Amino acid sequence: MSKDHLLEKVRSAHYKKNGQERTIVTLAPGRVNLIGEHTDYNNGFVLPASINFFTCVAGSLSDKKQVSVTALDFDGDVDQFDLEKDIVPTDEQWKNYIRGAFHMLKSMGYSLKGCALTISGTIPKGAGLSSSASLEVAVLNTLCDLNNIQLSQVEISKIGQQIECGFVGLSCGIMDQLSTACGAENCALLIDCLDHQISHVPIPSSLALMIINSNVKRELSTSGYNDRRNSCELVAERLGVNSLREIPINTFMEQKNDLPAEAAKRAEHVFMENERVLQMADALEHGDIKYISKLMLESHLSMKNLYEITTPEIDYLVDIINNEIGDKGGVRMTGGGFGGCVIALIPKNLSEKVKEIVVKQYQAKTGLKEDIYICEPASGEKLEYN
Ligand code: GLA
């Protein structure tokens, strides 16, 4: 479904239910990470691109201090709560992203007005393409507009991250929220997660961004994600620093044999991955596709062998694509891991061939049917209808 179609669908469903009040419609993109996995919560570097799959939220004010949220993607399921009472998490995860946004803004001292929200999206859920971060960012931007709250996109991202930690139970970093809130057209974002500085990195025009969803489903909050973060924090603590970013890689390498073996492996991935992110930004700038290919493969193998977050299905996808493209493009798992998607940067003239191979071999080997998307870097949007 196109962006315009999604927007129209959400806007007309919202009008039907709530009448033609002043309505704010916010679109926030998903993201695909080109390289830099599990580096964000270690204050490291990441290189994502926001993509042309979106979450769309329509919102208008209502008289009472009540909130009513309609989720079109969950059969029109509705969540309702009272702004004058404590807003608490529920067992239904989709509701927690939205409740979390209200709770966070209230706890920052903002007085929020009652409102109605209608939500739908085109980002595949649970696939590692940041459907949740984009939901948080779209809801927060809508609420800021409806309540005249001025916050920068970096502040919005930090609140989104706190929703995940406090309301959803995932101790995530800030990459997803920053990529969806600050996404740009035609380029990837090199983000320094220490100070949230963002620079735009062009993607060579000869390459297509192909995402292959393995359809191995996972819920990061109940996966090994938080354990991986704990291991990195353990290493930082043993080395006497607040985050792995504070120590040079050589210092770590000299001391790694004195650290608990599993935690040392996790940290080694983070140190090497940070280096790869900076090299990848350079390789993209210079259109050095052979180097892009090498870095993406190294990143994948590091996630497989050191961070241990890939699955056999994902490894298989990476292998068959890699066999086909060789050093003409790059491929690796993207996102938090334990399932989800593979990102391939593929010469545009090879994309049909790669699709054919995946369609022919993946399901036959794994019993799962893949989804393939070709995307473009895209930014969010906010529209007002009176
Ligand atoms: C998830 C988290 C991010 C990041 C990635 C792994 O998407 O939400 O903060 O840690 O995993 O790179």
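Two strands pair if DSSP finds at least two bridges between them. I kept that rule beside me while going through this predicted model, in which local features need pLDDT of at least 70, side-chain atom pairs count only at pLDDT 80 or more, and totals for chains, interfaces and linings use all residues. Residues are numbered from 1 along each chain as its sequence is written, and side-chain values use heavy atoms, with hydrogens and water left out.

**Entry 1: strand S1**

I took helices (H or I, at least four residues) and strands (E, at least two) as DSSP runs numbered from the N terminus. I looked up S1 and its partners. S1 and strand S2 (residues 45–61) run antiparallel and are joined by eleven bridges. In this pairing, Ile-35 stands opposite Leu-47 of S2. S1 also pairs with strand S12 (residues 381–385), again in the antiparallel sense, over five bridges. Here I found Ile-24 opposite Glu-384 of S12.

Next I checked burial, where buried means under 20% relative accessible area, exposed over 50%, and partly exposed in between (1.4 Å probe, protein chains only). In S1 (residues 23–35), 13 of the 13 residues are buried, so the strand is largely enclosed by the rest of the structure.

**Entry 2: Phe-81**

I found Phe-81 in strand S4 (residues 77–82). Phe-81 counts as buried because its relative accessibility is 7%. For contacts I used heavy atoms within 4.5 Å. Leaving out residues up to four places away in sequence, Phe-81 touches Lys-65, Gln-66, Val-67, Val-69, Ile-87, Arg-99 and Phe-102. I also noted Ser-68, 13 residues from Phe-81 along the chain, with 6.9 Å between the two C-alpha atoms.

**Entry 3: helix H8**

The 25 residues of H8 (residues 261–285) should span 36 Å, and the end C-alpha atoms are 37 Å apart, so the two agree. Just after H8, I saw that Gly-287 takes a positive phi of about 60°.

**Entry 4: the two domains**

The bounds come from an automatic or database domain assignment: domain 1 is 3–202 + 378–385 and domain 2 is 207–375. Their contact takes 38 residues from domain 1 and 44 residues from domain 2. I read 26 Å between their C-alpha centres.

Buried area is the accessible area (1.4 Å probe) that two parts lose on being put together, summed over both. Domain 1 and domain 2 bury about 3400 Å² between them, with 63% of it on carbon and sulfur atoms.

How values were computed
Expected span 1.5 Å × (residues − 1).
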